[in-house]
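Dear colleague,

I am passing on the structure that we spoke about, and my notes on it follow below. Please read them with the coordinates open.

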Amino acid sequence: MTHGTTGSEIVVGVDPDPAEPSEPALDWAAEEAARRNLPLRLLVSIPPLHDTQHVDTVPHYLSLKSQAERALASAAGTVVRRRPALPVTTELFDGMPARVICRTAARRARLIVLGSRRLTRPEEIVSARSVVVPVSAQADCPVVVVREPAHPTAESALVVGVDGSESSRSAVAFAVEEASLRHAGVHALWAWRRPAVSLRDEAAGTAERRRLLAETVAGWAEEYPDVRITQDVVRGHPVEELARASADALAVVAGRRGRGGYSGMRLGSVVHGLLHRATCPVITVPA
C-alpha cells in the first residue's frame with residue numbers, strides 16, 4: 001500500500017535564511033528516507049527580484065545565490081554526518097519557492113518535507129516567503145511540516161482527523177501505512193461541533209459519527225495487523241481537539257480538504273489551523 005503515491009525520493013525544501021532553524025525538518029526527512037529506503041533530495045529556490053528596471057539586481061542575486069548554496073551545503077553536510085549511507089542530492093533553482101517545489105516534487109517525490117517560518121496568516125497569503133501553505137495546498141503528494149524537534153512520547157501513535165470526507169479517508173490510509181513503517185499505532189479522531197440550531201438529538205448525532213468513523217477505518221486492521229487502531233468521537237472544535245490529542249503524537253495527519261475550508265483555496269480550515277497549533281509534525285494528504 002502506497003496511498004497511490006509512487007514517487008522515488010523524499011524532497012526537502014531547505015530555507016536559505018540562516019536565522020531559520022532547518023534541522024528538525026532535515027532530521028525528520030532523513031529518518032523517513034532511511035525508513036522507506038529512498039534517497040533524499042534537498043531543494044532551494046531563489047525568488048525573483050523586484051524592480052529590475054531601475055536597480056542593478058546582479059549583486060543582490062549573487063548574494064542570494066551564495067547564501068542558498070551555503071544553506072544547501074550545510075544541510076547536506078548535516079544529513080551525511082548523521083546518516084552517511086543515505087543518498088543525498090542537492091538542487092538550486094530560480095523562481096517562487098512554493099511553485100518550484102511543487103513542480104519538481106510532482107515528478108519525483110513520495111513526500112515533501114518542510115520546516116516552518118511561523119508566518120502570520122496574512123503573511124502566508126501575501127508574502128513571497130510563504131511556502132508551507134501553498135505547497136500543502138497544491139502538491140500532488142503528502143506534505144509534512146515540521147516545526148519543532150521530535151519530542152519523546154510514551155504512546156507512539158499518529159493521530160488522524162476523520163470527518164467522513166473522501167479527503168479524510170485518504171488521510172487514514174496514509175496514517176496506517178506510516179504507522180506500520182514506524183511500528184506505531186493510529187488514533188482516529190472525529191471532532192464535531194453541534195450547530196447553534198439543531199433538531200437532532202445529540203446522542204443520536206454522536207452515534208451516527210461513531211458509525212461513520214468505524215466505516216472509515218474498517219478493513220485497515222486486517223490489512224495492517226501490526227497497527228493498533230483506536231477510535232474516538234469528541235465534541236469540540238476539530239483544530240483544538242486534534243491539536244490536544246496530538247500533543248504527544250508522532251504526527252497529526254489530515255486530509256487536504258475536509259467538509260469546511262476557505263473559498264478559492266484547496267486547503268481545508270482544519271489543516272490551516274493545525275499548521276499554527278500543532279506542536280508535532282503536520283502531514284497533509286491530498287485526496
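In these notes, contact means heavy atoms within 4.5 Å, while helices (H or I, at least four residues) and strands (E, at least two) are DSSP runs, numbered from the N terminus. Please keep in mind that this is a predicted model, in which local features need pLDDT of at least 70, side-chain atom pairs count only at pLDDT 80 or more, and totals for chains, interfaces and linings use all residues. Residues are numbered from 1 along each chain as its sequence is written, and side-chain values use heavy atoms, with hydrogens and water left out.

Cys 102 counts as buried because its relative accessibility is 13%, and Cys 280 does so at 1%. The structure holds 0 disulfides (pairs of cysteine sulfur atoms within 2.5 Å); for Cys 102, the nearest cysteine sulfur is that of Cys 141, 8.3 Å away.

Finally, the axes of helix 1 (residues 23-36) and helix 6 (residues 166-182), which are lines fitted to C-alpha atoms over the stretch in contact, with angles running from 0 to 180 degrees between N-to-C directions, come within 10 Å and cross at roughly 80°. Trp 28 and Arg 35 of helix 1 are among the residues that make this contact, as are Phe 174 and Glu 178 of helix 6.

Best regards

Notes
Buried means under 20% relative accessible area, exposed over 50%, partly exposed in between (1.4 Å probe, protein chains only).
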